[in-house]
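Trainee: Could you walk me through this model step by step?
Mentor: Gladly! Have a look at it first, and then ask away.

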Amino acid sequence: MPEFELTASPSPEELAAITDALSAFNNRDVGPSDRRPLAVLIRDTDGKVTGGLSGFTAWGWLFTQMLYIPVTLRGTGIAGNILAKAEEEARARGCRGAWIDTFSPQALSVYLRQGYEVFGELKDFPEGRTRSFLRKSL
């Protein structure tokens, strides 16, 4: 019988054992993901990264993990421009869709304006908010 250990501090090697095994299973099951990182960076005049988008492409989809716009640039349309750049690169990589999630009402409005549609919601995540999952055909 296997033993179980609950930990809040797994080592990189322990996490890699799980990731590597799942990746090998998925490769056999549905084929290679061709997972590749993707970022669109916002730099200030000194070259320091102040925000941007980070995510990856895999199995023909762009997933935006994080999108942060500095407060001084919000409301200028920059989020839409950054999403468009990421989507353009995703298309060049052969992606057919994009997805993102948020619990920010402001971000939700931005994504809807960019042509994303809600395909799922998780109420009270975090408490008092709704986490929305959105997709867009590319």
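Predicted model: local features only at pLDDT ≥ 70, side-chain atom pairs only at ≥ 80, totals over all residues.

Trainee: How many bridges join β2 to β3?
Mentor: Strand β2 covers residues 49–58 and strand β3 covers residues 61–68. The two run antiparallel, and the number of bridges joining them is seven.

Trainee: Which residue in the turn of the hairpin has a positive phi?
Mentor: β2 and β3 form a hairpin with two residues between them. In that turn, a phi of about 50° belongs to Trp59.

Trainee: Which residue in β4 does Phe63 stand opposite?
Mentor: β3 is also joined to β4 (residues 97–102), by four bridges, and these strands run parallel. Between them the chain passes through helix α2 (residues 78–92), in a right-handed β-α-β crossover. In β4, the residue opposite Phe63 is Trp99.

Trainee: How much space lies in the largest pocket?
Mentor: Its lining takes at least two residues from each of β3, α2, β4 and α3 (105–113). By class, the lining residues are twelve nonpolar, ten polar and four charged. The space in this largest pocket is about 590 Å³.

Trainee: Which helix gives the most to the lining of the second largest pocket?
Mentor: The second largest pocket holds about 160 Å³ of space. Its lining includes Thr19, Leu22 and Ser23, and also Trp59, the turn residue with the positive phi. With five residues, the helix that gives the most is α1 (residues 12–30).

Notes
Residues numbered from 1 in each chain as written. Heavy atoms only, no water. Pairing = 2+ DSSP bridges. Right-handed = clockwise from strand over helix to strand, strands pointing away. 1 Å grid on protein atoms, 1.4 Å probe; cavity = no way out; pocket = protein on both sides within 12 Å on 5 of 7 lines; lining within 4 Å. Points joined across faces, edges and corners; volume = space filled by probe spheres on them. Nonpolar A, V, L, I, M, F, W, Y, C, P; charged D, E, K, R; others polar.
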